[in-house]
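Me: I have a new structure open and would like a quick tour. Can we go through it together?

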Amino acid sequence: MRQHLRRETLVNAGLAVLLLAAPAIAAMAGEPFYVTLATRMAILALAAVGLNFVLGLGGLVSFGHAAFFGIGGYAAGILATHAFNQEPFPFGLSGTNQMLVIWLAALIASGIVALLIGLVSLRTSGVYFIMITLAFAQMIYYFAISWPAYGGEDGLSIYVRNAFPGVNTLDPLSFFLICYVLLMIVLAFFATLRNSRFGAALQAARQNPVRLASVGVEPFRIRLVAFVISGMITGLAGALFADLNRFVSPSMLSWHMSGELIVLIILGGTGRLFGPVAGAILYILFEYFLGGITERWQLFLGLILLAVVLFARGGLIGLLAGKVRHD
Amino acid sequence: MLLEVSAIETFYGPSQALFGVDLTVDEGEVVALMGRNGMGKSTTIRSICRLTPPRAGRISFGGVDLSSMRPHKAARLGIGLVPEGRRCFPNLTVEENLVAAARKGKWTLEAVTQLFPRLAERRTQFANSLSGGEQQMLAIGRALMTNPRLIILDEATEGLAPVIRHDIWASIRTLKQEGQSILVVDKTMSELMPVADRCTILEKGRTVWTGLPQDLSEDVRNTYLGV
């Protein structure tokens, strides 16, 4: 096992370096498109790290994480629009184009929604949990579509990318670095939490909730905390995604997005620290290269996913570093 | 009285398993719960831990009535269960298994690994890679980490090699010396009798005999235990 862990650390370090080096080289070669591609990888990886908390560690298949992704996106879009048009909110609050404030707003908003969704959905399990998280996400999706104040079905444009103190966010590489550093911070947080008492209890709740209750830990509360943390991280990724595209639309909230996040994690390795990173890199590469060959690239993605599920259940990390936890 | 079980009746769905079990454990006492297979020993334990709550009767622990209490609350009052079949969390390491449920008290990671030095050697190994005996030690250690006022051992030495049994009984005797209250279910009479302060025998879901181990006559043994 020790050897596995050391190998996994090497693989993780390799992925981290790869994700950093590729856009740096692309930027030097004057190819900003590839920098944007890498930024998408980092942001989707961040969103999937959020989902990995509940899916990988807690064994809870949330099919509604697009809700948090979209809420984070809308937090960025709404605040930026108000700042741009100089329209204050009620109670004397104003919009802002400062990323740090927007991130805070995205974290709080998605955290509150995750708390409410978690309070209801975590009372169920298995297929009911999947359906109820999907139902909540769809409710928010249709709400966004029918809310004309913020673009409704057409979405909401952010005219100028929001600002970060001391960084020119319009420069693709600078914005990539912001996303990359955030991803690394959240990964470090994930690793710390996974190895903590809380992480042990969360994984124990996946393996046997009754046994966990019989040693005095309430599985519901552990899962609820994990669900809120998970939603907040995915919400943060949503805010970055909105800034990357300078556009927010209900499609960020759609169930395809939830499915995409699950696919990312399975491709990379469920419950593995760098699983979402590996998954996001693979997914975007497939999308780009297969998408360049054929419009129907998702058919091939489906075949690859099938192969992963059948033959490489540890995902890419499992293939490279060997199985450790998930059998 | 630390644990007081009076006239509990427990059902699995429509079928009744307990028809009136009475049982007490005093502070610092070791009580042996005995009876042949299928007489309700494990169901009694499940009832106490509220995993299968009784429909009638009363259970109180440290003066608190356990009726309508959820299992994790009962555990927090200080009931530490070592379930039958050494059920650890298979994909957590030894250390994670121990700390997941830890609560403040004299039983810390150091104290538990001192009681079971084998666990110290296996600290970073996954529970499903341990031998049966080591898993049993881990299950006992996990229960101790919650610093329980009462520890319940359900068939703690079943199916283990004699050497390991010996170690586990030694650790049970250590716990007794330290004044730990224990409710123990086991079939090894020769080991159980010297440790137990009192015995309670179940027969077809009822308490039929309670007394001191030395008063356990040949007659009672033949009738209820088949030994």
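Me: Let's start with a detail. Which residue stands opposite Asp154(B)?
Reply: Val185(B), in strand 10 of chain B. Strands here are DSSP runs of E, at least two residues long, and helices are runs of H or I, at least four long, numbered from the N terminus.

Me: And how are strand 9 and strand 10 of chain B joined?
Reply: By 5 bridges. Strand 9 covers residues 150–154, strand 10 covers 181–185, and they run parallel. Two strands pair if DSSP finds at least two bridges between them.

Me: Before we go on, how should I read the model and its numbering?
Reply: It is a predicted model: local features need pLDDT of at least 70, side-chain atom pairs count only at pLDDT 80 or more, and totals for chains, interfaces and linings use all residues. Residues are numbered from 1 along each chain as its sequence is written, while chains are lettered from A and ligands numbered from 1 in the order in which they are written.

Me: What are the scores?
Reply: The model has ipTM 0.75 and pTM 0.86. Chain B averages a pLDDT (the predictor's confidence in each residue, from 0 to 100) of 92, and 99% of the residues score at least 70.

Me: Back to the sheet in chain B. What is the strand order?
Reply: The order is 8-9-10-5-11-12. These 6 strands form an open sheet with mixed pairing.

Me: Which strands stand at the edges?
Reply: Strand 8 (79–82) and strand 12 (206–211) of chain B. Each has a single partner strand, so one side of each has no neighbour in the sheet.

Me: Now chain A. How many helices and strands does it have?
Reply: Chain A has 13 helices and 2 strands. Its C-alpha atoms fill a box of roughly 55 × 45 × 40 Å along the principal axes.

Me: How much of chain A is buried?
Reply: Buried residues make up 50% of its 327 residues. Buried means 20 or more other C-beta atoms within 10 Å of the residue's own; exposed means 12 or fewer, and partly exposed lies in between, with C-beta atoms placed from the backbone.

Me: What does Leu46(A) touch?
Reply: Leaving out residues up to four places away in sequence, its partners include Leu182(A), Val186(A), Ile233(A) and Leu240(A). Contact means C-beta atoms, placed from the backbone, within 7 Å.

Key
Contact = placed C-beta atoms within 7 Å.
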